[in-house]
Amino acid sequence: AALGGGCAIELTEHRAIKLVQLRAIPAHIERRCEAEGWATWKGEPLAPQTVALYDADKYIIRPFTVARQCAFVEMVAAGPQPPDWFVSHWWGEPVRDFVVCIEQHARDHGLGDDARYWVCAYANNQWKLELDVELEQTSFHKALALAEGTVSVVDSGGVTYSRHAPPIEPSPAAAPPRSSDAHGPSAPARAACGAATRSSCRSGSRRARSSTTCTRRSRTGTS
């Protein structure tokens, strides 16, 4: 089943979302957006392909979690879900594009439906966000320490690299040494490998205007 019965997960870093659970979100958007007349904060009508995470937070995450005042993942998981991958991205990109990118990353790495991605919007309790916490004590730092590698979902305008993100997200120093990849959201990747601990691959897409880049811990490296 895509969704578990819901549970309390004490550690935020253990609230990664499974790929199969992530797929349910654009499905909700497709079914409800136009039928319910969703609109941006400016009052402009939304279409399923333009719904960003800011909108999903308003129409899906918060209504779904308000009764329990918990994180989204705690509503859909059956138990703790430690991360396989840590995801950095911009909330302003379309959710549909984000999921397409993660799907492509999973295909490129031969991952199944139970692959777990730590995404702050779904892992953090949006009702009780971390404030005034030392970097090493944030859920971002702890999730990154647990993950096999990182994925950066890059929107078409590259806003993800210009925003004021937690400094740990794009920092390669957080977990040396690593391999690095870049993945397009829907077409098969074209790999070009360099040294044993470093490789890259890129691909384009007609379905989404985002792409992903990722870094993975070297099996011989230290965390």
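Student: How is the model to be read, and what is the mean pLDDT of the chain?

Tutor: This is a predicted model, in which local features need pLDDT of at least 70 and side-chain atom pairs count only at pLDDT 80 or more, while totals for chains, interfaces and linings use all residues. Residues are numbered from 1 along each chain as its sequence is written, and side-chain values use heavy atoms, with hydrogens and water left out. The term pLDDT denotes the predictor's confidence in each residue, from 0 to 100. In this chain 70% of the residues reach 70 or more, and the mean pLDDT is 76.

Student: Over which residues does pLDDT stay under 50, and how many contacts beyond four places in sequence does the model have there?

Tutor: A contact means heavy atoms within 4.5 Å. Residues 217–223 have a pLDDT below 50, with 18 contacts beyond near neighbours in sequence. For residues 167–210 the pLDDT also stays under 50, and the number of contacts beyond four places in sequence is 115.

Student: How many helices and strands does the secondary structure of the chain contain?

Tutor: Helices (H or I, at least four residues) and strands (E, at least two) are DSSP runs, numbered from the N terminus. Of the contacts with a separation of 6 or more, 73% join residues 24 or more positions apart. The secondary structure comes to seven helices and eight strands.

Student: Why is strand 4 described as largely enclosed by the rest of the structure?

Tutor: Buried means under 20% relative accessible area, exposed over 50%, and partly exposed in between (1.4 Å probe, protein chains only). In a regular strand the side chains alternate between the two faces of the sheet. Gly149, Val151 and Val153 point one way from strand 4, Thr150, Ser152 and Val154 point the other way, and all are buried. Strand 4 (residues 149–154) is therefore largely enclosed, its buried residues being six of the six.

Student: With which residue of strand 4 does Val87 form a bridge?

Tutor: Two strands pair if DSSP finds at least two bridges between them. Strand 2 (residues 85–88) pairs with strand 4 in the parallel sense over four bridges. The bridge partner of Val87 in strand 4 is Val151.

Student: Which residue of strand 3 is the bridge partner of Trp85?

Tutor: Strand 2 is covered on both faces, with Trp85 and Val87 buried on one side and Phe86 and Ser88 buried on the other. Strand 2 also pairs in the parallel sense with strand 3 (residues 116–118), over two bridges. In strand 3, the partner of Trp85 is Tyr117.

Student: How many residues of helix 5 are buried?

Tutor: Helix 5 (residues 95–108) has 14 residues and reaches 20 Å from its first C-alpha to its last, close to the 20 Å expected at 1.5 Å a residue; the expected span is 1.5 Å times one less than the number of residues. Among its buried residues are Val95, Phe98 and Cys101. Helix 5 is largely enclosed by the rest of the structure, because its buried residues number eleven of the 14.

Student: Is Ala52 buried or exposed?

Tutor: Ala52 is found in the loop between helix 2 (24–32) and helix 3. Beyond its neighbours within four places in sequence, Ala52 is in contact with Trp91, Gly92, Glu93, Pro94 and Val95. Phe98 is 46 residues from Ala52 in sequence, and their C-alpha atoms are 9.2 Å apart in space. The relative accessibility of Ala52 is 7%, so Ala52 counts as buried.

Student: What is the relative accessible area of Ser139?

Tutor: Ser139 has its place in helix 7. The C-alpha atoms of Ser139 and Leu11 are separated by 8.3 Å, although these residues are 128 apart along the chain. Ser139 is buried, with a relative accessible area of 1%.

Student: What is phi of Gln69?

Tutor: Gln69 lies in the loop between helix 3 (53–65) and helix 4 (72–76) and counts as partly exposed at 31% relative accessibility. Most residues other than glycine have a negative phi. Gln69 is a residue other than glycine with a positive phi, near 50 degrees.
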